[in-house]
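Student: I want to learn how to read helix packing from a model. Can you take me through this one?

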Amino acid sequence: MLVARSIALFVVAALFEIGGAWLVWQGVREHRGWIWIGAGVIALGAYGFVATLQPDGDFGRILAAYGGVFVAGSIAWGMVADGYRPDRWDVTGALICLAGMALIMYAPRNH
């Protein structure tokens, strides 16, 4: 059950961080204005909070593992929000990152 909770928290964190960065991008680069930028800043702050809810207490491990989720999530977000079409190398790289995340977070440890 802890693994399922951890994965769910990674997904929520990715939605907040990637979504927040996308909102800021839209506000600045696409000239959508301060409301978009402000919403993005709030979402980015929420990401920082969600990361603290992970069952594991090691900051470095959580952020390192989250990097894999961020990579795969960014590609998925680009597909949905911007019509980005990843090539096989994008997909392979994202899968490698997710495998690294799983290894960092869920490998058996001798504690």
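Tutor: Start with one crossing. Helix 1 passes helix 2 in a left-handed crossing. A crossing is left-handed if the near helix is turned anticlockwise from the far one by less than a right angle, and right-handed if clockwise. Helices here (H or I, at least four residues) and strands (E, at least two) are DSSP runs, numbered from the N terminus.

Student: What should I keep in mind about the source of the values?

Tutor: This is a predicted model, in which local features need pLDDT of at least 70, side-chain atom pairs count only at pLDDT 80 or more, and totals for chains, interfaces and linings use all residues. Residues are numbered from 1 along each chain as its sequence is written, and side-chain values use heavy atoms, with hydrogens and water left out.

Student: Which numbers describe two packed helices?

Tutor: The angle between their axes and the distance between the axes. Axes are lines fitted to C-alpha atoms, for helices over the stretch in contact, and angles run from 0 to 180 degrees between N-to-C directions. For helix 1 and helix 2 (residues 34-51), the axes come within 7 Å and cross at roughly 160 degrees. The two helices are therefore roughly antiparallel to each other. The cut-offs: under 35 degrees is roughly parallel, over 145 roughly antiparallel, 65 to 115 roughly perpendicular, and the rest oblique.

Student: How do the residues of the contact of helix 1 with helix 2 divide?

Tutor: Into 18 nonpolar, 4 polar and 1 charged. Ala, Val, Leu, Ile, Met, Phe, Trp, Tyr, Cys and Pro count as nonpolar; Asp, Glu, Lys and Arg as charged; the others, Gly among them, as polar. Contact means heavy atoms within 4.5 Å.

Student: At what angle do the axes of helix 1 and helix 3 cross, and what comes of it?

Tutor: The axes of helix 1 (residues 2-29) and helix 3 (residues 59-82) cross at roughly 55 degrees and come within 9 Å. That makes helix 1 oblique to helix 3. Their crossing is right-handed. Helix 1 brings residues including F10, I18 and W22 to the contact, and helix 3 brings residues including Y66, F70 and W77. By class, this contact has 13 nonpolar, 4 polar and 2 charged residues.

Student: Which residues of helix 1 meet helix 4?

Tutor: Geometry before residues. The axes of helix 1 and helix 4 (residues 88-106) come within 12 Å and cross at roughly 135 degrees. That makes helix 1 oblique to helix 4. The crossing is right-handed. V3, S6, I7 and F10 in helix 1 meet M101, M105 and Y106 in helix 4. The contact divides into 6 nonpolar, 1 polar and no charged residues.

Student: What lines the largest pocket?

Tutor: A pocket is an open set of points on a 1 Å grid over the protein atoms alone, where a 1.4 Å probe fits, with protein on both sides within 12 Å along at least five of seven lines; lining residues have an atom within 4 Å of a point. Here the lining includes V11, L15, V69, G73 and L98. Helix 3 gives the most, with 5 residues. By class, the lining has 9 nonpolar, 1 polar and no charged residues.

Student: And the overall layout?

Tutor: The protein has 4 helices and 0 strands.
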